[in-house]
Amino acid sequence: MTPPDASHNRWSDLDRPPLNATALRRGLLRPDTLWASLEVVESTGSTNTDLAERARAGAAAEGTVLVAEEQTAGRGRLERSWTAPPRSGLFFSVYLEPGDIPVERWGWVPLLAGVAAATGLAKSAGVDMSLKWPNDLLVTVEGEERKTGGILGEFAGDGIVVGLGINVSLRADELPAPTAGSLALAGAVSTDRETLLRAVLRSMEHWYGAWKAADGDAAASGLQAAYAAGCATLDRTVRAELPGGTSLVGEAVAIDGDGRLILSTEDGLQQPVSAGDIVHLRGAAGGLT
């Protein structure tokens, strides 16, 4: 008898067990919570793409969570690819409907997801986390800042889909780039993905509830202060690579009420940046614990 191909065996890597969808539902899906449904799929191109398609078809309720053990065409900001070995991380998307909250405030939802992920992972994995504006999760590996996660939001249907990709157990030889890291390489006390996912989703529910209760006001909900407290971009000299091919260099001095990064430039002006790729040039980093 020919043994099955180990590459298609969900138990082929015993250090990376599959997620238990039943246990996750039992711990997260309750009548008084945000989360309405949770599905775990073995592999997909992109959980964000799949969930956005459902939302546009009216087939996703608020609080829908879609998790993949593997993403073959995961997307990051600026259409960058995001790939990792099966079961080596958390790859999931959630669908939220902010409802009557002014649409101009919805831009805070991906930032909210960053605060939620950083605080949830700091508690459950025991790793110091920080945020790189707008949507990167950073850890320290061998004294260097490394990206261990990213967040992508997109409008779909009557709401917004927010996707998160988090490197959990990646080893050094599996990293996609020298600037990448993982929770394991940062010294996590736990790499149990079910524990980590529950912590992130519960943290997201807390922050989303506070933000909605404040009618999307990031200052009144405490979200703006929480993001600033954990943002490694602030108090540093950075280069903002802007849409259209231009760039702007300055000191990152604040996150404003619209979630924009405020740069103080050499000519004394304070310039808001609403979108762009940020390069940390020098300065001290902050931490979110």
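**Notebook: looking through a predicted model**

I began with Ser 93 and found its side chain joined to that of Asn 48 by a polar contact of 2.6 Å. A polar contact here is a pair of N or O atoms within 3.5 Å; within protein, one must be able to donate a hydrogen and the other to accept it, and residues adjacent in sequence count only if both atoms are side-chain atoms. This is a predicted model, where local features need pLDDT of at least 70 and side-chain atom pairs count only at pLDDT 80 or more, while totals for chains, interfaces and linings use all residues. Residues are numbered from 1 along each chain as its sequence is written, and side-chain values use heavy atoms, with hydrogens and water left out.

**Around Ser 93**

I placed Ser 93 in strand β5. Helices (H or I, at least four residues) and strands (E, at least two) are DSSP runs, numbered from the N terminus. Ser 93 has a relative accessible area of 0%, so I noted it as buried. Buried means under 20% relative accessible area, exposed over 50%, and partly exposed in between (1.4 Å probe, protein chains only). I then listed what Ser 93 touches, leaving out residues up to four places away in sequence; among them are Thr 47, Asn 48, Leu 51, Val 65 and Val 162. Contact means heavy atoms within 4.5 Å.

Which residues of α2 are buried? In this helix (residues 47-56) I found Thr 47, Asn 48, Leu 51, Ala 52 and Ala 55 buried. Seen down the axis of α2, they fall within an arc of 120°, so they line one face of the helix. The arc is that of the directions from the helix axis to the C-beta atoms. At the start of α2, a side-chain oxygen of Ser 46 comes to within 3.3 Å of the backbone nitrogen of Asn 48. Just after α2, I saw that Gly 58 has a positive phi of about 75°.

Next I turned to α1 (residues 21-28), where Ala 21, Ala 23, Leu 24, Gly 27 and Leu 28 are buried. Their arc around the axis is only 160°, which puts them on the same side of α1. These buried residues pack against β1 (37-41) and α4 (193-213). Asn 20 caps the N-terminal end of α1, with a side-chain oxygen 3.1 Å from the backbone nitrogen of Thr 22.

**The cores**

I looked up the largest nonpolar core, which has 63 residues. Such a core is a set of buried Ala, Val, Leu, Ile, Met, Phe, Trp, Tyr and Cys residues joined through side-chain atoms within 4.5 Å. Which members touch the most others? They are Phe 92 and Leu 183. Helix α3 gives the most to this core, with 12 residues. A second, separate core of 7 residues includes Leu 51, Ala 52, Ala 60 and Ala 156.

I also checked Ala 113, which sits in helix α3. Ala 113 is buried, with a relative accessible area of 1%. Its C-alpha atom is separated by 6.1 Å from that of Met 204, 91 residues apart along the chain. Leaving out residues up to four places away, Ala 113 touches Ile 151, Val 162, Leu 164 and Met 204.

**Aromatic pairs**

How many aromatic pairs does a search of the whole structure find? I noted 2. In one, the rings of Trp 106 and Phe 155 have centres 5.8 Å apart and planes at 40°, so the pair is tilted. Rings of Phe, Tyr and Trp (its six-membered ring) pair if their centres lie within 6.5 Å; planes under 30 degrees apart count as stacked, over 60 as edge-to-face and the rest as tilted. Trp 106 is in the loop between β5 (89-96) and α3 (108-125), and Phe 155 is in strand β8 (residues 144-156), 49 residues apart. Trp 106 counts as buried at 7% relative accessibility.

**Backbone notes**

Most residues other than glycine have a negative phi, and most peptide bonds are trans. I found Arg 87 with a positive phi of about 65°, in the loop between β4 (81-82) and β5. Asp 235 also has a positive phi of about 65°, in the loop between α5 (223-229) and β10 (236-241). Are they buried or exposed? Arg 87 is buried at 5% relative accessibility, whereas Asp 235 is exposed at 55%. The peptide bond from Trp 133 to Pro 134 is cis, with omega near 0°.
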